[in-house]
Amino acid sequence: LDYAAVFGVMWDTSNSSTALTRLTKTSDPYGFVTKDVTTEPVPAVGTGAGSSPFDSFMPWSGVQECSLKSDGSILAWRGDSGYSRQNPYIMVYIPAFYVTQKRSGTKQYFYVSDKPKTGFTKHPGSGKFVGRYVMGGGGVCSAPNNSPWVGITRSSARNETRADRPKFHLYDFATYCAIIWLYVVEFADWNCQSKIGRGYIDNSKAEKTGGTDILVYHTGRAAGPDGGTAVQYRWVENLWGNVYQWDGFNANGTTAYYCTDPSQYADDTTTGYTQIGTLPASGWIKDLTVTDNGLLIPKTVGGSETTFIPDYADSSSGWRVLNVGGGWGSGSSAGLLWF
């Protein structure tokens, strides 16, 4: 029999610490956890070494860099003889994985399973390829040494991405949430800036793609001033900092909606979208709304840049798009939960 490997963390939302507690087979009150983790991940700096106990387990071990063809088929995996980062579609594969969440009082539980399991749901953002780099250059691509596309509307970016590439679409909310789950169960701390790197967030303009190409380990930051260098998590560059990312999410004032069907992505509409909850006023995030299928949005604010979830949520009236991660000048406000 091929048993599921299940990992879990618990977040006490009444505790101002950004740290979560790792669950073990004996400490998990719901009895889901099947694997105990006793060491902590260590990200790399520059060409230095890194390590993680999760490198031995799916789905983390299956997060792999590859190159695709324009039709979405695989050209080569990193490590293959035919692999080159000069291909215009350098991607990272996020394997399918399964999640469940529980809430008991102030305690929020997150569980990740590598296989289907009773009570778990396939995360809608998993089982996908995502760009290693942000979109930029002279055409639609994910490749190094390109200037990111900035100062454009989401609909323009969406239309450019779809043109002649029916299998491609913009980085979306569900996939971003899937990566947050992988990160938080692996690092057990909401402060990704302190755990991996502040990111390219203390600057005055966008940085070209490829800032982390010097890294030989999948997670860490480039050498140099922390706050002036690119970061990567599991081969994905600049999930926070440099430029914002967006799609699959609309808000009308504080009412939030999501969509997991790229063919339905459109601005200023609820058609094809599902209401996910209500956004708080602007502020440092203190608590989250977590859905059973693994999506999450800010629920309350009132924290700070060093407590609870040390990322900023900024909401306003009218129809709005979602920017995530923060940009080149976001400072401590940036992070995986910058919303």
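**Sheet, cores and salt bridges in the predicted model**

Tyr 233 stands opposite Val 236, a residue of strand β13. Strand β12, which spans residues 231-233, is joined to β13 by 2 bridges, and the two run antiparallel. Both belong to an open sheet of 4 strands, arranged in the order β3-β11-β12-β13 with mixed pairing. At the edges stand β3 (44-45) and β13 (236-237); each has a single partner strand, so one side of each is left without a neighbour in the sheet.

The largest nonpolar core holds 59 residues, and Phe 173 and Trp 190 are the ones that touch the most other members. Helix α2 (residues 173-187) supplies the largest share of this core, with 13 residues. Beyond its neighbours within four places in sequence, Phe 173 is in contact with a number of residues, including Asp 247, Phe 249, Tyr 258, Leu 296 and Phe 339. Another core lies apart from the largest one; it has 10 residues, among them Ala 4, Val 6, Tyr 109 and Phe 120.

Side chains of opposite charge can pair when their charged atoms come close. In the whole structure, 17 salt bridges are found. One of them joins Glu 65 to Arg 85, with the closest N and O atoms 2.8 Å apart. This pair connects strand β4 (residues 64-68), where Glu 65 sits, with the loop between β5 and β6 (90-94), which holds Arg 85, across 20 residues. Glu 65 and Arg 85 are both buried.

Because Asp 267 lies in the loop between β15 (255-258) and β16 (274-278) while Arg 154 lies in helix α1, the pair ties together parts 113 residues apart in sequence. Arg 154 has a relative accessible area of 2% and is therefore buried, whereas Asp 267, at 28%, counts as partly exposed.

At the surface, Ile 74, Trp 77 and Phe 129 form a nonpolar patch with about 230 Å² of accessible area together. Trp 77 belongs to strand β5 (residues 74-77).

Conventions. Residues are numbered from 1 along each chain as its sequence is written. This is a predicted model: local features need pLDDT of at least 70, side-chain atom pairs count only at pLDDT 80 or more; totals for chains, interfaces and linings use all residues. Side-chain values use heavy atoms; hydrogens and water are left out. Patches are made of residues with over 30% relative accessible area and no salt bridge: like charges are joined within 9 Å, nonpolar side chains (Val, Leu, Ile, Met, Phe, Trp, Tyr) within 5 Å. Accessible areas come from the Shrake-Rupley method with a 1.4 Å probe; for residues, only the protein chains shown count as cover. A salt bridge is a side-chain nitrogen of Lys or Arg within 4 Å of a carboxyl oxygen of Asp or Glu. Two strands pair if DSSP finds at least two bridges between them. A nonpolar core is a set of buried Ala, Val, Leu, Ile, Met, Phe, Trp, Tyr and Cys residues joined through side-chain atoms within 4.5 Å. Buried means under 20% relative accessible area, exposed over 50%, partly exposed in between (1.4 Å probe, protein chains only). Contact means heavy atoms within 4.5 Å.
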